[in-house]
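Here is a short briefing to read alongside your structure. Keep the 3D view open and follow the residues as they come up.

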Amino acid sequence: MKSLAIEREFGSGGREIGTKISKKLGIPCYDGQLIIKAAEDYGVELDLLKKYDETTTGSLLYSLALISNLQGYEHMSKYNEMFYAIQQTIKKLEMQGPAIFIGRCCTEILQPEHTKKVFIYASNELDRLSTIMKHENVDATQAVNIMKKKDKERTNYFRFWTNKDWKDWNNYDLCLNTSTHSIDECVRLLADEISNY
């Protein structure tokens, strides 16, 4: 069995798909928060991880990368340390056995011979907004703002650490559209994909 690395648009159902596959196959599922917690277990300072995590990278870190002054370089050193810690944590967790990994550039960190890389998206923006309104308990205007903000953060985070476009389908083994496939269909397909290795 292979591990599964998921990158996803916000509101596309990627986390739900990962969680359901985890339960179906009886393997661990690590999203951003669990990866951070695991990194702490490996001795990385939790406050620093939270400070330099994906949401910060989406805005401040990307800006710092463009600023060439001494203070920016000092901050970059910390960012590099934190990303290295997350990277090593993901690799250590995968060495323990097949698992589901969600976000944090896991599709680029994990080795392809051990991992199926997938991008989850929804071609119908209304589907995403409906999911966001339901899960975040917000109105349509707030959902649009959250969706744009989260996608921008994820795009910048991925670009900063990989020099790749987060939505480039060439980065993935498989791309699934939750506007045309139900969550349960995606779960079935991906569970079969990683079980057959």
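Let's start with Lys 116, which, setting aside its neighbours within four places in sequence, is in contact with Lys 2, Ser 3, Leu 4, Ala 5, Asp 173, Glu 193, Ile 194 and Tyr 197. Please keep in mind that this is a predicted model.

**Lys 116 and its strand**

- Lys 116 belongs to strand β4, which comprises residues 115-121.
- Is Lys 116 buried or exposed? With a relative accessible area of 11%, Lys 116 is buried, because the cut-off for buried is under 20%.
- Its side chain makes a polar contact with the side chain of Glu 193, at 3.0 Å.
- The rest of β4 is mostly covered too: seven of its seven residues are buried.
- Thr 115, Lys 117, Phe 119 and Tyr 121 point one way from the strand, while Lys 116, Val 118 and Ile 120 point the other way.

**The sheet around β4**

- β4 is part of an open sheet of five strands, in the order β2-β3-β1-β4-β5 and with parallel pairing.
- Which strands stand at the edges? They are β2 (29-30) and β5 (174-177), and each has a single partner strand, so one side of each lacks a neighbour in the sheet.
- Helix α1 (residues 14-25) packs on this sheet, where it touches β1 (3-8), β2, β3 and β4. The direction of α1 makes about 165° with that of β3.
- On one flank, β1 and β4 run parallel and are joined by six bridges; here Ser 3 stands opposite Thr 115 of β4.
- On the other, four bridges join β4 to β5, again running parallel.
- Phe 119 has Cys 175 of β5 as its bridge partner, and Tyr 121 is partnered by Asn 177 of β5.

**Helix α7**

- Arg 128, Leu 129 and Ile 132 are buried in α7. These three cover an arc of only 95° around the axis, which puts them on the same side of the helix.
- The face turned away from the buried side carries the exposed residues Leu 126 and Lys 134.
- At the start of α7, a side-chain oxygen of Asn 124 comes to within 2.8 Å of the backbone nitrogen of Leu 126.

**Two residues with positive phi**

- Asn 137 follows α7 and lies in the loop between α7 and α8. Its phi is near 55°, a positive value in a residue other than glycine.
- With a relative accessible area of 71%, Asn 137 is exposed.
- Cys 105 also has a positive phi, near 60°, and is likewise a residue other than glycine. You will find Cys 105 in the loop between β3 (100-102) and α6 (106-109).

Methods. Residues numbered from 1 in each chain as written. Predicted model: local features only at pLDDT ≥ 70, side-chain atom pairs only at ≥ 80, totals over all residues. Heavy atoms only, no water. Buried < 20%, exposed > 50% of the residue type's maximum accessible area, 1.4 Å probe, protein only. Arc of directions from axis to C-beta. Polar contact = N/O pair within 3.5 Å; in protein donor to acceptor, adjacent residues only side chain to side chain. Pairing = 2+ DSSP bridges. Contact = heavy atoms within 4.5 Å. Axes fitted to C-alpha atoms, helices over the stretch in contact; angles between N-to-C directions.
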